[in-house]
Amino acid sequence: MKVSLLPVYDQSNGWHEVLGPPPEANVLRGDINCDYLIIGAGYSGLAATRRLAELEPSASIVLIEGDRIGNNAAGRSSGFAIDHAHNLRAKSFADAKRQAIEAVQMNRAGLDWLGNTIMRERIDCQWVKEGKYHAAATTRGERMLGKFAESLDAIEEDYTLLDGAECQAIFGSRYYTKALHAPHSYLVQPAAMVRGLAQTMPTNVVVYEKSMVRAVDYGPPHIVRTDSGSVTAPVMVLATNGFTEGFGFLQKHLIPLITWGSMTRELTAAESERIGGAPSYGIIAAHPAGTSVRRVTSPNDRILVRNIFSFSKKSDFVKRKAWAAKTHRKSFVGRWPELADVPFEHSWGGALSLSRNGAPVFGELRPNVYGTVVHNGVGIARGTISGKLLAEMIVGEDSEMLRQMQAKDRPNKNLPFQDLGVRINARARRLIAGREE
Ligand SMILES: Cc1cc2nc3c(=O)[nH]c(=O)nc-3n(C[C@H](O)[C@H](O)[C@H](O)COP(=O)(O)OP(=O)(O)OC[C@H]3O[C@@H](n4cnc5c(N)ncnc54)[C@H](O)[C@@H]3O)c2cc1C
């Protein structure tokens, strides 16, 4: 069958561009065979590949990616490697405390494994445990922070509250009136991380980039075809985010979204001094439709803003970029009016996949075809642990965490006119978010 939905990336991802060009891509040419084939080199595909290679060191493993690793959604994220969701819904904490604790444990297991890999392989990606700030700029936002604090209390998670003056001292912005610092998350340069993970794979892995899978014959053995070659494998893993629909699975079960980021040029020393504040931090808005901010030190001082979710079946990252960048500018200048003249050097969109009930895709989709999809805005932690556990399941390992993952709900079917519903919901949430955007 022809793969009916393919990602199309442009060259605008700031994280990827500031690293400079990667080494020439190893493009698949010719017909090859392997024991395990993984399609998609985002967080989940990279984790599944590495874990399979660790568990089966004599197996031949192929990871195949349509674009450059780092220019995909994983490299386009804002680099918050987070242990608990942006905004914990009171319902899930009050009514289902156990699931909430389980989810945090699972995310932390993903982050621990990832962090250990980064340290062991000496991947230079500014992986640092700085925690994350949830910050409010409105009274509604402050109320949401209060609820968030209550839900953290309910699961005995620690945090610190900051007033407006403390926010200003750290963020170099008078915009925020209150913040909550949750200390256990990490910040990372996401494109550097995924490039580094791919470059340090065990020796029984071959990674192909710029090798879009355009057709598949399901077996087993399964045969996938690119423009210049094919791979035949008895076992295949789809780590293809919302594009999994194009492989004939989960139609009408995924909610594909795009969210957008913009990064300034490097601030001059005078500009950095003008705003003051800490050299590096990550802010998540108190309202889920608000703006996330990163201040990054490498290379030099830059500020990144991310906001807006738009529904897109076609991964249309390019068409609405100018529109997203305009909103980013407003959010940026609102927070740092002193930097109104500082332009964005890069603006980009990237794909997320959600499901209506928030449940992930995990496990066997048809004989010897496995999937790990739907990692929401928590892809670094959830994608990693899901890919790792999937590899363990494939080779027959057992663990308490794997059983927890297997016991989770699966995505339920979209409602009729789901796309329209999502669009209206996104618009309404933006209006409610107000200054939090
Ligand atoms: C702007 C933005 C900010 C975000 N911020 C954060 C954040 O701060 N923290 C966080 O945890 N998450 C964040 N996310 C979410 C996160 O990026 C995703 O959840 C994550 O990338 C999903 O991982 P994945 O491995 O499932 O998919 P992806 O990273 O999308 O990887 C799937 C891969 O499959 C490849 N592929 C698909 N089809 C084919 C094909 N036919 N042939 C070959 N290859 C194919 C794609 O090219 C892609 O590389 C953000 C997302 C965006 C867009």
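The model is predicted.

The protein contains 13 helices and 20 strands. Its radius of gyration is 21 Å, close to the 22 Å that the globule rule gives for 437 residues, so the protein is as compact as a globular protein of that length. Along the principal axes, the C-alpha atoms fill a box of roughly 60 × 50 × 45 Å. Of the 437 residues, 51% are buried. Contacts were also sorted by separation along the chain. Among those with a separation of 6 or more, 79% link residues 24 or more positions apart.

Strands of a sheet pair through backbone hydrogen bonds, either parallel or antiparallel. Strand 1 and strand 12 (residues 229-233) run parallel and are joined by 4 bridges. Within this pair, Ile-32 stands opposite Val-231 of strand 12.

Helix 10 spans residues 321-335, 15 residues in total. The distance from its first C-alpha to its last is 21 Å, close to the 21 Å expected at 1.5 Å a residue. Its buried residues are Ala-324, Ala-325, His-328, Ser-331, Phe-332 and Arg-335. These cover an arc of only 120° around the axis, which puts them on the same side of helix 10. An α-helix has 3.6 residues a turn, so residues three or four places apart point the same way. The cover over the buried residues of helix 10 includes strand 14 (255-264), strand 17 (302-311) and strand 18 (344-354). The face turned away from the buried side carries the exposed residues Ala-322, Trp-323 and Lys-326.

Helix 11 comprises 16 residues (residues 379-394). At 1.5 Å a residue, helix 11 should span 22 Å; its end C-alpha atoms are 21 Å apart, which agrees. Helix 11 is mostly covered, with 16 of its 16 residues buried. Just after helix 11, Gly-396 takes a positive phi of about 90°.

Key
Residues are numbered from 1 along each chain as its sequence is written. This is a predicted model: local features need pLDDT of at least 70, side-chain atom pairs count only at pLDDT 80 or more; totals for chains, interfaces and linings use all residues. Two strands pair if DSSP finds at least two bridges between them. Helices (H or I, at least four residues) and strands (E, at least two) are DSSP runs, numbered from the N terminus. The radius of gyration is taken over C-alpha atoms; the globule rule is 2.2 Å times the number of residues to the power 0.38. A residue is buried if 20 or more other C-beta atoms lie within 10 Å of its own, exposed if 12 or fewer, and partly exposed in between; C-beta atoms are placed from the backbone. Two residues are in contact if their C-beta atoms, placed from the backbone, lie within 7 Å. The expected span of a helix is 1.5 Å times one less than its number of residues. The arc is that of the directions from the helix axis to the C-beta atoms.
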